[in-house]
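Please walk through this model from its annotated region to its cores, strands and helices. Keep the sequence and the coordinates side by side.

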Amino acid sequence: PPAPVSLGRTVCYVVLAVLFNEEGAVLLVQEAKPECRGRWYLPAGRMEPGEGVVEALRREVKEESGLECEPITLLALEERGPAWIRFAFLAHPVGGTLKTLEEADAESLQATWWSGDPRELPLRSLDILPVLDLATRYRQSPPHPPTLPRELPCAPLCLRLLLPFTNAAGDLWVLLGTAGTPHLPVVTCGTSPPELRGGLCLPVLWLLRDCLPWDTQPWVLGLLGLQHCAGGPGGADGICFNVALSTPLSTHGDAPPELRDSALRWWHVEEEGLRGRILQRLQATVPI
């Protein structure tokens, strides 16, 4: 296993929040940083060592907008390799007052509820527009269950995989690890330059390349959940992402292919209720 990851040293976690008021206006803050001063953006900022994901979200929203908030769900996980990961949340206000120009500080100049097209304002970056679209769609018809971090410790940055195989008849198999109690496979993310450039998908691709006789490029990740605990073992800031993999497996036959790795096996899901829940959940993931 790789060494435990540490905020500010090997990884950078960023939180970003989308909040709407009762009239459907979105919360925007005016930047105070010299490189983007006067431009508008969603409340966002880096997590600090010893801080949980939700704790960082509350702090950033309070510092930049003056409002207190509670998260509703994770909207998207954005990543530029294991060294930069951003958690975009939908949240709702629960108190506080909007920051005014008279209260401007190093965190922001002011905050406002904006009911028009955000592109009418000078934005710090257009990268918030897809997140705003996700938030609007979630409010209208949630595409996945509310997803929030679970407070469970994890030293490295890793992914726990729900890898299904389905055939034309609707049978379902799930890939399991066989060491000890059968479990979902876990892969860890390294922090070397090639691994950082490869993103979160790289360790998954390595696993699939080594154990399956298929071209693994079309595989897509979707987030089912995540676990993180501030000040984990040895002060580590690791996160375990529970992810589902999606691919047109039925094109490969009626039964799962033989595995090249004896540490893995296919488990045939025969219980109808569990099978239905797994198949349904595979269609309702947080986008990565």
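Over residues 10-136 the chain is 17% helix and 37% strand, where helices (H or I, at least four residues) and strands (E, at least two) are DSSP runs numbered from the N terminus. An unreviewed UniProt entry annotates residues 10-136 as "domain: Nudix hydrolase". UniProt positions are given in the numbering used here, feature names are shortened, and annotations may be inferred rather than shown by experiment.

The model is predicted: local features need pLDDT of at least 70, side-chain atom pairs count only at pLDDT 80 or more, and totals for chains, interfaces and linings use all residues. Residues are numbered from 1 along each chain as its sequence is written, and side-chain values use heavy atoms, with hydrogens and water left out.

The domain assignment of the protein chain gives domain 1 (12-140) and domain 2 (149-283). Such bounds come from an automatic or database domain assignment. The domain centres, taken over C-alpha atoms, are separated by 31 Å. In contact (heavy atoms within 4.5 Å) are 17 residues of domain 1 and 18 residues of domain 2.

Which residues touch the most other members of the largest nonpolar core? They are Tyr13, Phe87, Leu157, Leu159, Phe241 and Leu245, in a core of 49 residues. A nonpolar core here is a set of buried Ala, Val, Leu, Ile, Met, Phe, Trp, Tyr and Cys residues joined through side-chain atoms within 4.5 Å. Buried means under 20% relative accessible area, exposed over 50%, and partly exposed in between (1.4 Å probe, protein chains only). Domain 1 (12-140) and domain 2 (149-283) each supply at least three residues to this core. Another core lies apart from it, with 21 residues, including Leu75, Ala76, Leu121 and Val131.

Start with Tyr13. Neighbours within four places in sequence aside, Tyr13 is in contact with Val5, Leu7, Gly45, Arg46, Met47, Ile85, Phe87, Leu157, Asp237, Gly238 and Ile239. Tyr13 belongs to strand E1 (residues 13-19). Seven of the seven residues of E1 are buried, so the strand is largely enclosed by the rest of the structure. In a regular strand the side chains alternate between the two faces of the sheet. Tyr13, Val15, Ala17 and Leu19 take one side of E1, Val14, Leu16 and Val18 take the other, and all are buried.

Two strands pair if DSSP finds at least two bridges between them. E1 and strand E6 (residues 85-96) run parallel over seven bridges. Val14 stands opposite Arg86 in E6. With strand E4 (residues 44-46), E1 is antiparallel, through three bridges. Here Leu16 faces Ala44.

Now take Ala111, in strand E7 (residues 110-114). Is Ala111 buried or exposed? Its relative accessibility is 6%, so Ala111 counts as buried. Residues up to four places away in sequence not counted, Ala111 touches Leu27, Leu28, Val29, Glu64, Ser65, Leu98 and Lys99. Glu31 is 80 residues away along the chain, yet the C-alpha atoms of Ala111 and Glu31 are separated by 9.2 Å.

Next comes an open sheet of three strands, in the order E9-E10-E14, with antiparallel pairing. Strand E9 (164-166) and strand E14 (264-268) stand at the edges with a single partner strand each, so one side of each is left without a neighbour in the sheet. Neighbouring strands of this sheet are turned by 30° against each other on average, direction ignored.

E9 and E10 pair over three bridges, and Phe165 stands opposite Trp173 in E10. Five residues lie between the strands of this hairpin, where Gly170 takes a positive phi near 90°. On the other flank, strand E10 (residues 172-177) and E14 pair over five bridges. Val174 stands opposite Trp267 in E14, and Gly177 has Leu264 as its bridge partner. Helix H5 (residues 272-282) packs on the sheet and touches E9, E10 and E14. The direction of H5 makes about 85° with that of E10; axes are lines fitted to C-alpha atoms, for helices over the stretch in contact, and angles run from 0 to 180 degrees between N-to-C directions.

E10 itself is mostly covered, with six of its six residues buried. Leu172, Val174 and Leu176 lie on one side, and Trp173, Leu175 and Gly177 on the other.

Finish at helix H4 (residues 201-211), where Leu202, Pro203, Val204, Leu207, Leu208 and Cys211 are buried. Their cover includes strand E8 (158-162), strand E11 (186-188), helix H3 (193-198), strand E12 (220-228), strand E13 (239-246) and E14.
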